[in-house]
Amino acid sequence: MPITLYDASIPVYLQMLRNLAALLDKAETHATASGMALSELTEARLAPDMHTLIGQVQLASDAAKGGAARLSGQTPPSMPDTETTYEELKARIARTIAFVETITPEQVNGDEDRIIELPTPSRTLTFTARDFVLKFSLPNFFFHVTTAYGLLRHKGAPIGKLDFLAGAAQV
């Protein structure tokens, strides 16, 4: 059976967003137990020119909701980057999941060669829907989820590869 564009994208966004939420939960439990301020997690960054955990979660959210919206022919919902607390990050993930869950296979499948244009500050990127998912949207999404995982792990959260891959299923 061939894999559809929907199968390759929407369930993947949802699983990894749920796993990201589970990673945040485990890190919060660890921080609380060890007396670490949650701000030490939210403000963590791997390098001076990289986004903090807050930015990584916001960008993972943007990648998932933007990818799902563009694949379904919609404008991505607006979620201004105003989060400053752990609770706000978890709420943003929940809002993103709620939006992505509204996307149906019928909205995504059937026209894998349609053109998706992605405006950036310096230029507009043009993809087929297939290339958008496989060569841009999913890699970008995984970059930010992986970076968030790395930040939490670096700060001592007791998380591992299985948490990254199936964290929500283990809760």
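Q: On a 1 Å grid over the protein atoms alone, a cavity is a set of points where a 1.4 Å probe fits but cannot get out, while a pocket is an open set with protein on both sides within 12 Å along at least five of seven lines. What is the volume of the largest pocket here?

A: About 260 Å³. That volume is the space filled by probe spheres set on the grid points, which are joined across faces, edges and corners. Keep in mind that this is a predicted model, where local features need pLDDT of at least 70 and side-chain atom pairs count only at pLDDT 80 or more, while totals for chains, interfaces and linings use all residues. Residues are numbered from 1 along each chain as its sequence is written, and side-chain values use heavy atoms, with hydrogens and water left out.

Q: What makes a residue part of the lining, and which ones are closest to the centre of the largest pocket?

A: A lining residue has an atom within 4 Å of a point. There are 15 of them in the largest pocket, and Leu59, Asp62, Ala63, Arg70 and Asn140 are the closest to its centre. Two elements give two or more residues each: α3 (53–71) and α6 (129–154). The largest share, 7 residues, is from α3.

Q: How do you know which lining residues of the largest pocket are nonpolar, polar or charged?

A: By residue type: Ala, Val, Leu, Ile, Met, Phe, Trp, Tyr, Cys and Pro count as nonpolar, Asp, Glu, Lys and Arg as charged, and the others, Gly among them, as polar. Sorted like that, the lining splits into 6 nonpolar, 5 polar and 4 charged residues.

Q: What makes α1 a helix, and how does its span compare with what it should be?

A: Helices are DSSP runs (H or I, at least four residues), strands are runs of E (at least two), and both are numbered from the N terminus. The expected span is 1.5 Å times one less than the number of residues. With 30 residues, α1 should span 44 Å, and its end C-alpha atoms are 43 Å apart, which agrees.

Q: Why is α3 called largely enclosed?

A: Because 16 of its 19 residues are buried. Buried means under 20% relative accessible area, exposed means over 50%, and partly exposed is in between (1.4 Å probe, protein chains only). α3 reaches 27 Å from first C-alpha to last, close to the expected 27 Å. Just after α3, glycine 73 takes a positive phi of about 75°.

Q: Why is isoleucine 10 called buried?

A: Its relative accessible area is 0%, so it counts as buried. Isoleucine 10 sits in α1 (residues 5–34). Leaving out residues up to four places away in sequence, it touches Ala68, Val100, Ile103 and Val108, where contact means heavy atoms within 4.5 Å.

Q: What makes a nonpolar core, and which residues of the largest one touch the most other members?

A: A nonpolar core is a set of buried Ala, Val, Leu, Ile, Met, Phe, Trp, Tyr and Cys residues joined through side-chain atoms within 4.5 Å. The largest one has 49 residues, and Ile10, Tyr13, Leu53, Leu71, Phe141 and Leu152 touch the most other members. At least two residues each come from α1, α3, α4 (86–100), β1 (115–119), β2 (124–128) and α6. α1 gives the most, with 12 residues. As for Leu53, its contacts beyond four places in sequence include Leu24, Leu41, Tyr86 and Leu152.

Q: Why do histidine 144 and glutamate 28 count as buried?

A: Histidine 144 has 8% relative accessible area, and glutamate 28 has 17%, so each falls under the cut-off for buried. Histidine 144 is in α6 and, beyond its neighbours within four places, contacts Gln56, Leu59 and Ala60. Glutamate 28 is in α1; leaving aside neighbours within four places, its contacts are Leu38, Tyr86, Glu87 and Lys90.
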